[in-house]
Amino acid sequence: MQEPMNVKERYCFRKIRSEEVSVMFELVKQRIHWMDEVGIQGWNMADYTAIYPLSYYESMQDNIFVLADRETEAIVCAGILLETDSRWKDESPACYLHNFVSRVNKATTPPVGSIFLTKAEEYARKLGKNYMRLDSAAGNDRLAAYYERQGYLPRGTCVEDGYHGILRQKPLKSRED
């Protein structure tokens, strides 16, 4: 009898394929609908899909990474990883995560967002980065608590076209540290 696959081994972290970009966009729309249902203020408070339409994701394809189920190839999480970000004012070697989305979790779904973050951090280490950085909407306490549990602590704020964000950073230590 075959051993069950470890949850982390169940998923593959890789670059998105061109035919999958629309799948990421659908995950974003589903997440926005979920925010409306549970009363969380976030992407649903702005015209997020107009600000970041499908064409935006298509143009960013080379920087989109996904977490995909190894057996079904279904995308369960995605995000854009960049090596620069104008919201941050320092030049520290960092990897920046944007448009981070996971499928809407059901009670039996593994913590795919946490798995994606771990894999993205490993990727950033391989690039020689000292930090993994992201931002989250100010006032979204639930998301803030999630990121803090993942080790992403507040390091400042940003304001951009009506968006008020909290800059978050996680130091990356090499395997040898």
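The structure is a predicted model.

The secondary structure of the protein chain consists of five helices and seven strands. Along the sequence, these elements follow the order β-α-α-α-β-β-β-α-β-α-β-β. The radius of gyration is 16 Å, close to the 16 Å that the globule rule gives for 177 residues, so the chain is as compact as a globular protein of that length. Taken along the principal axes, the box filled by the C-alpha atoms is roughly 55 × 45 × 30 Å. Of the 177 residues in the protein chain, 45% are buried. When contacts between residues at least 6 apart in sequence are considered, 65% join residues at least 24 apart.

In soluble globular proteins, nonpolar side chains tend to be buried together. In this model, the largest nonpolar core has 23 residues, and M24, Y57 and I64 have the most contacts inside it. Helix α1 (21-38) and the strands β2 (64-69) and β3 (75-82) each supply at least two residues of this core. The largest share, eight residues, comes from α1. Another core, of 22 residues, lies apart from the largest one and includes L67, C95, A120 and Y146.

Setting aside residues up to four places away in sequence, I64 touches R14, K15, I16, M24, Y57, G79 and I80.

A search of the whole structure finds 13 aromatic pairs. In one of them, the ring centres of Y56 and Y57 are 5.2 Å apart and the ring planes are at 80 degrees, so the pair is edge-to-face. Planes over 60 degrees apart are counted in this way. Y56 and Y57 belong to one aromatic cluster, together with F25, W43, Y48 and Y52. Another aromatic residue, W34, has R31 lying over the face of its ring, at 4.6 Å from the ring centre.

R31 is also one of the residues in contact with S102. S102 lies in strand β4 (residues 94-102) and is buried, with a relative accessible area of 13%. Beyond residues up to four places away in sequence, S102 touches R31, V76, C77 and V112. Strand β4 also holds N99, which has a positive phi near 50 degrees although N99 is a residue other than glycine. N99 counts as buried, at 7% relative accessibility. A positive phi is likewise found at E73, which is not a glycine, with a value of about 65 degrees. E73 is located in the loop between β2 and β3 and counts as partly exposed, at 46% relative accessibility.

L134 is part of strand β5 (residues 131-137) and is buried, with a relative accessible area of 3%. Neighbours within four places in sequence aside, the contacts of L134 are W88, L97, L117, Y147, Y152, I166, L167 and R168. One of these residues, I166, is 32 residues from L134 in sequence, while their C-alpha atoms are 8.5 Å apart in space.

R155 is part of strand β6 (residues 153-160). With a relative accessible area of 49%, R155 is partly exposed. Its contacts, again leaving aside neighbours within four places in sequence, are W88, L167 and Q169. W88 and L167 are also in contact with L134. Between R155 and R168, the separation is 13 residues in sequence and 5.5 Å in space, C-alpha to C-alpha.

Methods:
Residues numbered from 1 in each chain as written. Predicted model: local features only at pLDDT ≥ 70, side-chain atom pairs only at ≥ 80, totals over all residues. Heavy atoms only, no water. Phe/Tyr/Trp six-rings, centres within 6.5 Å; stacked < 30°, edge-to-face > 60°. Lys NZ or Arg CZ within 6 Å of the ring centre and 35° of its normal. Helix = DSSP H or I, 4+ residues; strand = E, 2+ residues; numbered from the N terminus. Rg over C-alpha atoms; globule rule 2.2 N^0.38 Å. Buried < 20%, exposed > 50% of the residue type's maximum accessible area, 1.4 Å probe, protein only. Contact = heavy atoms within 4.5 Å. Core = buried A, V, L, I, M, F, W, Y, C linked by side-chain atoms within 4.5 Å.
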